[in-house]
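Good morning. I will go through one structure today, a few parts at a time. Please have the sequence and the 3D view open.

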Amino acid sequence: MSSVKNWQLGREMSYPYEARFPERQFAFVFNINRCIACQSCTMACKSTWTFNKGQEHMWWANVETKPYGGYPQSWDHKILRMLERADPDRRYWEGALGEERSAPYGQYAGKTIFEAADTTLEPESARVLGYLPSDEEWNSPNIYEDNPVGRPGVRGELDPVGTSLPVHDTWFFYLARICNHCSYPACLAACPRKAIYKRPEDGIVLVDQKECRGYRKCVEACPYKKTMYRGNTRTTEKCIACYPRVEGRDPESDGIPMETRCMASCIGQIRMQGLIELEESGAWAEDRQNPLYYLVHVAQVALPLYPQLGTQPNGYYIPPRWVPRPYLEQMFGPGVDRAIERYIHPDRELLSVLQLFRRSHSIIFRYEIEEGKKAYEGEYRGKPVEIYNDTVIAFGGDGREIFRTTVEEPLHVRPAIHANSI
Ligand code: SF4
Ligand code: SF4
């Protein structure tokens, strides 16, 4: 095992290989507060990549209802329980939240799935703590959709009088998921044939189909369960991050890096994808005007999914504000309160950056803000609010402007002659 720096954990950790980082890293931010579980993303992925024989059960992109839903069923509950058994005296997060890039969430004092491997490995030859889901667990990708948690401690009863923000007694939320194209991929670490690799140009994690022999070690090891076995080819397949689009080689992209199909189809406008410059240490290079850098490291409203697993996932989530905080802290780490507080009371810049989601299919590399007039003044939950109609301008990889949009949505009035044209 090597010792590698995991900035999400604020410490060094063990990993089977030496750290090696790409020039730029594929990453994304999903704003859970906006997801409506329309499954357009799921179907966009399915109809592009997994519509063939033998792929019937495969959903590289999926949206599950938390806390009961999961694809495969109970994937997160199961791996957390295994981690708990492997590390019974584990401590959780320690130290204060930081503003800096090296330890923004404090230090994780427990064991990761790589470090727990030496205590409870099953089978002993495995390098990563994990398990192989059963066929039944893969069979129902949308199980428990819209099933809420009832009142705490009261079985089978929802809140009798209704519920209101900030935290609901009766709650659920939608968790949209794809492969996190992790910086320390567990799938790659576990493959005995070295068939899984991380592309040096964009950090996308791929399975070499010629090398794969279908041992399913990666399926066992990926804690997010985003590698999937295909019976008729006897190989493993996984999300490829729509790499022809990211490379700008898709016929629609006109040579410009484009976002993936699941991002581009998002009806709820919850998704934004980018390419992040990395430092030699694997930390994000300072890039203040990149919208993803801003959301993760400056505003700190977007948090990694289960960072304690140790793979340094590159998917980040703005947590849902109505869900009990202990549940969210288990899922996104100790930065949850800070993230939700800043999301509920956004400053002028955050409000502008939130307008960038889904105005274009091109990858945004940089934004600028032009100040506008004050549009609203009032109070929200005891705090004064001022909203300005600022204009936010998005630029692509070639430096050209992609689009500009304002904080206030323009009002279009249908001409009387077309009043009933729908
Ligand atoms: S999410 Fe799973 S499949 Fe994707 S890179 Fe990470 S460990 Fe590998
Ligand atoms: S398309 Fe967007 S809003 Fe619809 S389910 Fe997917 S992530 Fe949620």
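**A sheet, a core and a ligand**

Let's start with a sheet: three strands make up an open sheet, in the order β15-β18-β19, and their pairing is antiparallel. Keep in mind throughout that this is a predicted model. Which strands stand at the edges of the sheet? They are β15, residues 366–370, and β19, residues 401–406; each has a single partner strand, so one side of each is left without a neighbour in the sheet. From one strand to the next, the twist averages 20°.

As a reminder, strands of a sheet pair through backbone hydrogen bonds, and they can do so in a parallel or an antiparallel way. Take β15 and strand β18, which covers residues 391–395: they pair in the antiparallel sense over five bridges.

Next, the core. The largest nonpolar core has 117 residues. Which residues have the most contacts inside this core? They are Phe173, Trp284, Leu295 and Phe332. Helix α2, residues 75–86, gives the most to this core, with six residues.

Stay with Phe173 for a moment. Leaving aside residues up to four places away in sequence, Phe173 touches Ile32, Glu64, Thr65, Lys66, Pro320, Trp322, Val323, Tyr327, Leu328 and Met331.

Now helix α1, residues 40–49. Its buried residues are Cys41, Thr42, Ala44, Cys45 and Lys46. What do the buried residues of α1 pack against? They pack against β4 (62–66), α7 (261–264) and β12 (271–277).

On to a loop. Gly150 lies in the loop between α3, residues 135–138, and β7, residues 173–177. Is Gly150 buried or exposed? Its relative accessible area is 16%, and buried means under 20%, so Gly150 counts as buried. Again not counting residues up to four places away in sequence, Gly150 touches Glu157, Leu158, Asp169 and Thr170. Compare the position of Gly150 with that of Glu94: these two are 56 residues apart in sequence and 31 Å apart in space, C-alpha to C-alpha.

Last, the ligand. The residues around ligand 1 are Cys179, Asn180, His181, Cys182, Pro185, Ala186, Cys187, Val205, Cys222, Tyr224, Thr227 and Lys238. How many of the residues in this shell are nonpolar, polar and charged? The shell around ligand 1 divides into eight nonpolar residues, three polar and one charged.

That is all from me.

Definitions and conventions
Residues are numbered from 1 along each chain as its sequence is written. Chains are lettered from A and ligands numbered from 1 in the order in which they are written. This is a predicted model: local features need pLDDT of at least 70, side-chain atom pairs count only at pLDDT 80 or more; totals for chains, interfaces and linings use all residues. Side-chain values use heavy atoms; hydrogens and water are left out. A nonpolar core is a set of buried Ala, Val, Leu, Ile, Met, Phe, Trp, Tyr and Cys residues joined through side-chain atoms within 4.5 Å. Buried means under 20% relative accessible area, exposed over 50%, partly exposed in between (1.4 Å probe, protein chains only). Helices (H or I, at least four residues) and strands (E, at least two) are DSSP runs, numbered from the N terminus. Contact means heavy atoms within 4.5 Å. Two strands pair if DSSP finds at least two bridges between them. Axes are lines fitted to C-alpha atoms, for helices over the stretch in contact, and angles run from 0 to 180 degrees between N-to-C directions. A residue is near a molecule or strand if one of its heavy atoms lies within 4 Å of it. Ala, Val, Leu, Ile, Met, Phe, Trp, Tyr, Cys and Pro count as nonpolar, Asp, Glu, Lys and Arg as charged, and the others, Gly among them, as polar.
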